[in-house]
Amino acid sequence: MPHQLSVRIDPNSGFCFGVIYAIQMAEDILQEQGYLYCLGDIVHNDEEVERLEKQGLRIIDYNTFSQLRDEAVLIRAHGEPPCTYQTALENNLTLIDASCPVVLKLQNRIKTSYDKQEQIFIYGKHGHAEVRGLLGQTSGNAVVFENLEELLRHELPSNVTLYSQTTKSTDSFYRIKGELEQRGYSVSANDTICRQVSNRDKDLRRFAAQFDQIVFVSGTKSSNGKVLYQVCKDTNPNTHFISKVEEIQSDWFQAGQSVGICGATSTPMWLMENVRDALLKL
């Protein structure tokens, strides 16, 4: 294909500030001491994790964490439950806490609700790192649900205290609130969704509508990536999901087409730039 694709990267895509902050902290310490433990993937993007591992980042799981002694461990942006801090105390571990401030604020609000003995329902993804930290504020007693149907399988009190994982869609959250109210429940809805993430919906729709083709770049583990990819695909059916440059297929494009590149809150800008460079060489 002649050199005729015009390619643009979405300026609003890429890391959210929570992730930028965590990675900056990791890089500073890696420069100083050459290695650093991190509890869980620092970001749900394999390419970025690999880049940091080459600098000495060591990703560990809870099992390894519980056996570690006298070391420094990074807490990533997703936040952690209280038991993680307890283990750190017992094992003389220094925690470098890069929990996102939006997540920490939510953890505090859930803890306050729980201390008032409210029954708490959290709209979020089962097993997700952030959700584990939220559940921990309630000693595991909150109910996590992924959709209305799942929520309605539970015995609901007449007053429902509703929270949300910070990366969920605001529209879905308010739809669930509305549905519950229609069914006669009174709902105390705590909208704790991160606006930097939720505003990407609108920005992405605008962006995706401007191009012949969209290449959406995201790690396969990113929940936010799945949601935002769907937003692009609904706006522009010619949307292709890739997690690395090698997955680009030249037969997706025709000479002279315009291509937009965008990604999740866990997609590094350098990766989108590599995708752009590869597309310009087609």
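The model is predicted: local features need pLDDT of at least 70, side-chain atom pairs count only at pLDDT 80 or more, and totals for chains, interfaces and linings use all residues. Residues are numbered from 1 along each chain as its sequence is written, and side-chain values use heavy atoms, with hydrogens and water left out.

## Overall form

The protein contains 11 helices and 12 strands. Helices (H or I, at least four residues) and strands (E, at least two) are DSSP runs numbered from the N terminus. The radius of gyration is 21 Å, close to the 19 Å that the globule rule gives for 282 residues, so the protein is as compact as a globular protein of that length. This radius is taken over C-alpha atoms, and the globule rule is 2.2 Å times the number of residues to the power 0.38. Along the principal axes, the C-alpha atoms fill a box of roughly 65 × 55 × 25 Å.

Of the 282 residues, 52% are buried. Buried means under 20% relative accessible area, exposed means over 50%, and partly exposed lies in between (1.4 Å probe, protein chains only). Among contacts with a separation of 6 or more, 69% join residues 24 or more positions apart; contact means heavy atoms within 4.5 Å.

The protein carries 28 positive and 36 negative side chains, and the centres of the two sets lie 4 Å apart. Lys and Arg count as positive and Asp and Glu as negative, while His and the chain ends are not counted. The place of a charge is taken as NZ of Lys, CZ of Arg, CG of Asp or CD of Glu.

## The nonpolar cores

In soluble globular proteins, nonpolar side chains tend to be buried together. A nonpolar core is defined here as a set of buried Ala, Val, Leu, Ile, Met, Phe, Trp, Tyr and Cys residues joined through side-chain atoms within 4.5 Å. The largest such core has 19 residues, of which Ile23, Leu36, Ile42, Val43, Leu57 and Leu74 touch the most other members. Helix H1 (17–33), strand S2 (36–39), helix H2 (46–54) and strand S4 (72–75) each give two or more residues to this core. The largest share, 6 residues, comes from H1.

Leaving aside neighbours within four places in sequence, Val43 is in contact with Phe15, Val19, Ile23, Glu48, Val49 and Ser266. A second, separate core of 15 residues includes Val215, Val217, Ile248 and Trp252.

Helix H6 (residues 129–136) has Ala129, Glu130, Val131, Gly133 and Leu134 buried. Helix H5 (101–115), strand S6 (120–123) and strand S7 (143–145) are among the elements that cover these residues.

Thr166 lies in the loop between strand S8 (159–164) and helix H8 (170–182). Thr166 is buried, with a relative accessible area of 5%. Apart from neighbours within four places in sequence, the contacts of Thr166 are Val102, Val103, Leu106, Glu130, Thr192, Ile193 and Cys194.

Tyr123 is found in strand S6 and counts as buried at 7% relative accessibility. Beyond neighbours within four places in sequence, the residues in contact with Tyr123 include Phe145, Tyr163, Lys168, Phe173 and Ile176. Tyr123 and Lys281 are 158 residues apart in sequence and 43 Å apart in space, C-alpha to C-alpha.

## Exposed positions

| Residue | Location | Relative accessible area |
|---|---|---|
| Lys105 | helix H5 | 57% |
| Asp70 | loop between helix H3 (62–67) and S4 | 55% |
| Gln117 | loop between H5 and S6 | 74% |
| Glu149 | helix H7 (residues 148–152) | 55% |

Asp70 has a positive phi of about 55° although it is not a glycine. Gln117, also not a glycine, has a positive phi of about 65°.

Distances place the other two. Lys105 and Gly225 are 120 residues apart in sequence and 23 Å apart in space, C-alpha to C-alpha. Glu149 and Ile176 are 27 residues apart in sequence, and their C-alpha atoms are 9.8 Å apart in space.
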